[in-house]
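Please read these notes with the model open beside you. They are numbered so that each point can be checked in turn.

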Amino acid sequence: MTGAVIEVANLTKRFGGTTAVDELSFRVEPGVVTGFLGPNGAGKTTTLRSLLGLVRPTSGRATFDGRAYAELGDPLRVVGTALEASSFHPGRTGRDHLRVAAAAAGIAASRADEVLAWVGLDGAGDRRAGGYSLGMRQRLGLAFALLGDPGALVLDEPINGLDPEGIRWIRGFLKALAAEGRTVLVSSHLLSEVQQTVDRVVIISRGRLVHEGTLDALETGARVLVDSPDRAGLARALAAAGGDVQSADDGLHVAGLDATAIGAHALAAGVALSLLAPEREGLENVFLELVGEGGIR
Ligand SMILES: Nc1ncnc2c1ncn2[C@@H]1O[C@H](COP(=O)(O)OP(=O)(O)OP(=O)(O)O)[C@@H](O)[C@H]1O
């Protein structure tokens with residue numbers, strides 16, 4: 001399985017006087033989970049809807065292996081989507097939802113049971129979707145997305161509102177889909193929600209790209225907590241190496257040097273380390289600095 005490359009190129013969408021998406025360009029590769037991040041109102045949903053042919057861009061393009069959604073001969077086999085968890089008819093069973101969608105797409109009805117089992121809803125297929133918990137509705141949305149066994153998945157906030165068990169399940173599920181070679185694009189307004197799931201991130205604010213790259217690359221902008229029995233010696237060595245070093249009760253908080261560089265400078269200075277840990281909350285701060293307070297509208 002090789003998923004399509006998703007490419008957004010110079011995409012702009014204006015609604016009247018509001019520019020929701022502004023000359024946005026990024027690529028999403030198969031084989032990894034990519035997080036599409038930005039605060040509420042940043043333009044994520046508009047971008048995803050443009051990609052799926054639900055919104056007509058003012059200018060620019062959003063494509064799968066170079067083809068717009070409307071140009072895909074068999075779209076459900078190219079891309080599966082889950083844009084809203086609650087858009088199911090409450091009186092219809094989970095299985096019937098999937099059967100109706102399968103029939104409309106020329107997919108065998110037996111596929112409904114396969115995808116129900118795939119997302120762990122095989123015991124609930126006969127129940128009305130209106131009685132499903134939010135976690136079950138998210139799973140039904142995923143089952144729907146997987147009907148055509150697509151190479152790419154585009155999911156809007158699939159983790160939002162899930163309980164810890166549901167979050168752990170969906171993390172493993174998305175990683176497994178990417179490991180099969182699929183392209184997986186997952187939007188979220190919280191980095192902390194997806195940072196254990198994604199390999200790459202595309203971050204937007206006010207409709208514009210502010211960062212695209214691996215999570216590791218983003219992490220180099222975060223602080224590292226480090227300590228040594230010779231804390232003063234370590235602080236001198238790291239400051240001399242260009243680090244921004246702040247001493248606190250729990251150790252030295254260092255910006256401007258990643259963990260690898262800190263280890264190398266400590267070794268070169270002959271200072272033993274007793275602690276070396278990237279600051280997880282630091283990553284969230286990097287994200288908030290990138291999108292800025294003004295990014296929320
Ligand atoms: N159909 C529409 N008509 C007018 N304005 C719109 C429309 N859809 C989106 N917008 C505006 O475009 C901007 C981007 O909205 P969008 O929903 O794409 O952001 P988002 O990042 O998905 O945020 P959220 O997570 O809150 O949905 C917002 O200012 C929004 O009010």
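1. Of the 297 residues of the protein chain, 41% count as buried. A residue is buried if 20 or more other C-beta atoms lie within 10 Å of its own, exposed if 12 or fewer, and partly exposed in between, with C-beta atoms placed from the backbone.

2. This is a predicted model, in which local features need pLDDT of at least 70 and side-chain atom pairs count only at pLDDT 80 or more, while totals for chains, interfaces and linings use all residues. Residues are numbered from 1 along each chain as its sequence is written. The mean pLDDT of the protein chain (pLDDT is the predictor's confidence in each residue, from 0 to 100) is 91, and 96% of the residues reach 70 or more. For the complex, the predictor gives an ipTM of 0.94 and a pTM of 0.83.

3. The protein chain has eleven helices and 13 strands. These are DSSP runs, numbered from the N terminus: helices are H or I with at least four residues, strands are E with at least two. The domain assignment, which is automatic or from a database, gives domain 1 (6-216) and domain 2 (223-280). Their C-alpha centres lie 40 Å apart.

4. The largest nonpolar core has 60 residues, and Ala-143 and Val-186 have the most contacts inside it. Such a core is a set of buried Ala, Val, Leu, Ile, Met, Phe, Trp, Tyr and Cys residues joined through C-beta atoms within 7 Å. A second, separate core of eleven residues includes Val-224, Leu-234, Val-254 and Ala-266.

5. Leaving out residues up to four places away in sequence, Val-186 touches, among others, Val-33, Phe-36, Leu-155 and Val-198. Contact here means C-beta atoms, placed from the backbone, within 7 Å.

6. Helix α3 covers residues 94-104, and its buried residues include His-97, Leu-98 and Ala-102. The buried residues of α3 pack against α4 (111-118) and α5 (134-145). Just after α3, Gly-106 takes a positive phi of about 70°.

7. Which residues come nearest to the ligand? Of the 13 around it, they are Phe-15, Ala-20, Asn-40, Thr-45 and Thr-46; a residue is near if its C-beta atom, placed from the backbone, lies within 6 Å. β2 (18-28) and α1 (44-51) each supply at least two residues of this shell, and α1 gives the most, with three.

8. By class, the shell around the ligand has three nonpolar, eight polar and two charged residues. Ala, Val, Leu, Ile, Met, Phe, Trp, Tyr, Cys and Pro count as nonpolar, Asp, Glu, Lys and Arg as charged, and the others, Gly among them, as polar.

Terms used:
Two residues are in contact if their C-beta atoms, placed from the backbone, lie within 7 Å.
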